[in-house]
Amino acid sequence: MSVSVDPTSVEPSANRPADALRPHAEEAFAEELAALAAQDDRPRPARWNLSPWAVVTYLLGGVLPDGTVILPKYVGPRRLVEVAVTTLATDRALLLLGVPGTAKTWVSEHLAAAVSGDSTLLVQGTAGTPEEAMRYGWNYAQLLAHGPSRDALVPSPVMRAMAEGATVRVEELTRIPADVQDTLITVLSEKTLPIPELGQEVQAVRGFNLIATANDRDRGVNELSSALRRRFNTVVLPLPESVEAEVDIVARRVDQIGRSLDLPAVPEGIDEIRRVVTVFRELRDGVTSDGRTKVKSPSGTLSTAEAISVVTSGLALAAHFGDGVLRPGDVAAGILGAVVRDPAADRVVWQEYLEAVVRERVGWTDFYRACREVSA
């Protein structure tokens, strides 16, 4: 027997403050999504708000026939985004894989927002994620009073997405215990979720799909079983190809965050952003940008996401304790904190990089002095 899930049985998330610190993607870019929907005359899969072409345009940016500018949400290879979107239009789930900071969560949120208009059907993976987060739980007051019943059942985001024909997100899949991960096998292969206590099941309706993210560095934590991995089409999100591409990503994201925090405009500090990105890339790659000098890499990932955090913190320092212009002294402490994770080994790596590379670089004297001051 199949059972329907009433979406209203879970507290809706509609009562959100107008000045939310971080609006969901479908709220922050509501005008763009509406403009795309209005001009999108291409075929749409069942229960999709946009066609696959429009979803790709929303992710990568573009200009619509009426002149509406769609800002890029992701800077990367177009073909990867097309493959990801096409996967969601089939019966295979999508796994976004990559090293930390490659925008896996960001992409999954915007994909769900563009496809289903709702990015909030989310399971956040941790070592303590229970099976109920993937399947369903129980209202124990109802359970004790009346026994197992439909009214006592509390649907998970996965169950809700199956019933509504929506997209559900599972973040950090490899951090979830293996036995909990495997509860997804039946969902992804049979498109059903059994409820043995009621002798019923939930069958996924057309439009349902799942986006999972996983970290390359987490292999061996709770590696996916081969049975589960086969249920996914894997798309590997790479690090930005060039310094300029990464600078553009950092500047765009910092500008978005800064506007919500009333921080100074990013263009005032574009030179410092380029320095932060250059330092991170060189330490990450183990060689300077000109290829002439090899350097040691620290234990941290030094991802694009961490560069965004360093610059955002620097902008806050400049706004509240400076003249509003991002300067070397505003980002130096953030860089030190990102690089030196292991106080012993990483500090040696950082000091060697400062003296061998930063000190000798033309135009970086102020940056060198600022970094030396916070490193002392």
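Me: At what angle do helix H14 and H16 pack, and how far apart are their axes?

Reply: Axes are lines fitted to C-alpha atoms, for helices over the stretch in contact, and angles run from 0 to 180 degrees between N-to-C directions. In this predicted model, helix H14 (residues 328–339) packs with H16 at an angle of about 50°, and their axes are 8 Å apart. Angles under 35 degrees count as roughly parallel, over 145 as roughly antiparallel, 65 to 115 as roughly perpendicular and the rest as oblique; H14 is therefore oblique to H16. Helices and strands here are DSSP runs numbered from the N terminus, with at least four residues (H or I) for a helix and at least two (E) for a strand.

Me: What should I know about the numbering and the confidence of the model?

Reply: Residues are numbered from 1 along each chain as its sequence is written. As the model is predicted, local features need pLDDT of at least 70 and side-chain atom pairs count only at pLDDT 80 or more, while totals for chains, interfaces and linings use all residues; side-chain values use heavy atoms, with hydrogens and water left out.

Me: Is the crossing of H14 and H16 left-handed or right-handed?

Reply: A crossing is left-handed if the near helix is turned anticlockwise from the far one by less than a right angle, and right-handed if clockwise. H14 passes H16 in a right-handed crossing.

Me: Which residues make this contact?

Reply: Contact means heavy atoms within 4.5 Å. H14 contributes Pro328, Gly329, Val331, Ala332, Ala333, Ile335 and Leu336, and H16 contributes Asp366, Phe367, Ala370, Cys371, Val374 and Ser375. By class, the residues of the contact of H14 with H16 are 10 nonpolar, 2 polar and 1 charged. In this scheme Ala, Val, Leu, Ile, Met, Phe, Trp, Tyr, Cys and Pro count as nonpolar, Asp, Glu, Lys and Arg as charged, and the others, Gly among them, as polar.

Me: How do H15 and H16 cross?

Reply: The axes of helix H15 (residues 345–358) and helix H16 (residues 365–375) come within 11 Å and cross at roughly 155°. H15 is therefore roughly antiparallel to H16. The crossing of H15 and H16 is left-handed. Arg347, Trp350, Gln351, Leu354, Glu355 and Val358 of H15 meet Phe367, Tyr368, Cys371, Arg372 and Ser375 of H16. The residues of the contact of H15 with H16 comprise 6 nonpolar, 2 polar and 3 charged.

Me: What is the packing of H13 with H14?

Reply: Helix H13 (residues 304–321) packs with H14 at an angle of about 145°, their axes being 8 Å apart. H13 passes H14 in a right-handed crossing. Val310, Gly314, Leu317 and Ala318 of H13 meet Asp330, Val331, Gly334, Ile335 and Ala338 of H14.

Me: Is glutamate 272 buried or exposed?

Reply: Buried means under 20% relative accessible area, exposed over 50%, and partly exposed in between, for a 1.4 Å probe and protein chains only. Glutamate 272, in helix H12 (residues 270–285), has a relative accessible area of 6% and so is buried. Not counting residues up to four places away in sequence, glutamate 272 touches Leu326, Arg327, Pro328, Val331 and Phe367.

Me: Which residues of helix H2 are buried?

Reply: An α-helix has 3.6 residues a turn, so residues three or four places apart point the same way. In helix H2 (residues 30–39), Glu32, Leu33, Ala35 and Leu36 are buried. They lie on the same side of H2 because they cover an arc of only 160° around the axis, the arc being that of the directions from the helix axis to the C-beta atoms. On the other side of H2, Glu31 and Ala38 are exposed. The buried residues of H2 pack against helix H1 (25–28), helix H3 (52–60), strand S2 (69–70) and helix H5 (104–116).

Me: What does threonine 57 touch?

Reply: Threonine 57 lies in helix H3 and counts as buried at 7% relative accessibility. Leaving out residues up to four places away in sequence, threonine 57 touches Leu36, Gly62 and Ile70.

Me: Where does lysine 191 lie?

Reply: Lysine 191 lies in the loop between helix H9 (184–190) and strand S8 (192–195). Phi of lysine 191 is near 60°, a positive value in a residue other than glycine.
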